Amino acid sequence: MGIVTFSADEIRNKLWPEYKLRPLGSTSFTPSEAAISLVHNQGVYLIANSKIDDSCPEKSIVYAEGCNPSCDEEWYNTSRSLVGGDDFSQELPPEWFESLLITDTQTLSLSITENDISLAK
């Protein structure tokens with residue numbers, strides 16, 4: 001297990017706008033229904049659970065560094081070494097992303113262990 005790192009600019013430009021939209025399957029917006037998840041299946045990425053009628057949830061995907069199947073040759077091995085071999089989806093606290101939006105931070109790093117996901121220091 002290890003530290004997964006995401007581009008703050010991609011989170012600001014791709015993930016956060018989608019997260020702020022109404023939740024998927026909802027007819028009204030309640031902020032507590034919206035979520036950002038860390039996912040491991042085809043790579044390791046963040047995704048929002050919300051969309052509008054003309055959007056595509058896949059457009060909000062932000063891959064961890066080295067874990068994008070479209071452009072990282074070793075994405076499979078890198079993903080497994082960082083988060084383990086099992087697929088998963090875990091909702092993350094929105095507070096982890098809110099401070100990122102108003103600072104000049106370049107990356108968001110998460111520490112992944114067998115039992116926990118936390119912000120890396």
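Reply: Happy to! Let us start with contact, which means heavy atoms within 4.5 Å. Among contacts in the chain between residues at least 6 apart in sequence, 63% join residues at least 24 apart. Please keep in mind that this is a predicted model.

Me: Why is G43 called buried?

Reply: Buried means a relative accessible area under 20%. G43 has a value of 0%, so G43 counts as buried. As for its place in the chain, G43 is found in strand β3, residues 43-48.

Me: What is G43 in contact with, leaving aside its neighbours within four places in sequence?

Reply: The partners are C67, P69, W75 and S79. By the definition, each of them therefore has heavy atoms within 4.5 Å of G43.

Me: What makes a residue part of the lining of the largest pocket, and how many residues line it?

Reply: A lining residue has an atom within 4 Å of a pocket point. For the largest pocket, 15 residues line it, and V83, F88, I112, T113 and E114 lie nearest its centre. Strand β5 (residues 88-92) gives the largest share of this lining, three residues. The volume of the largest pocket is about 170 Å³.

Me: How does that lining divide by class?

Reply: Five of the lining residues are nonpolar, six polar and four charged. Gly counts as polar in this scheme.

Methods:
Residues numbered from 1 in each chain as written. Predicted model: local features only at pLDDT ≥ 70, side-chain atom pairs only at ≥ 80, totals over all residues. Heavy atoms only, no water. 1 Å grid on protein atoms, 1.4 Å probe; cavity = no way out; pocket = protein on both sides within 12 Å on 5 of 7 lines; lining within 4 Å. Points joined across faces, edges and corners; volume = space filled by probe spheres on them. Helix = DSSP H or I, 4+ residues; strand = E, 2+ residues; numbered from the N terminus. Buried < 20%, exposed > 50% of the residue type's maximum accessible area, 1.4 Å probe, protein only.
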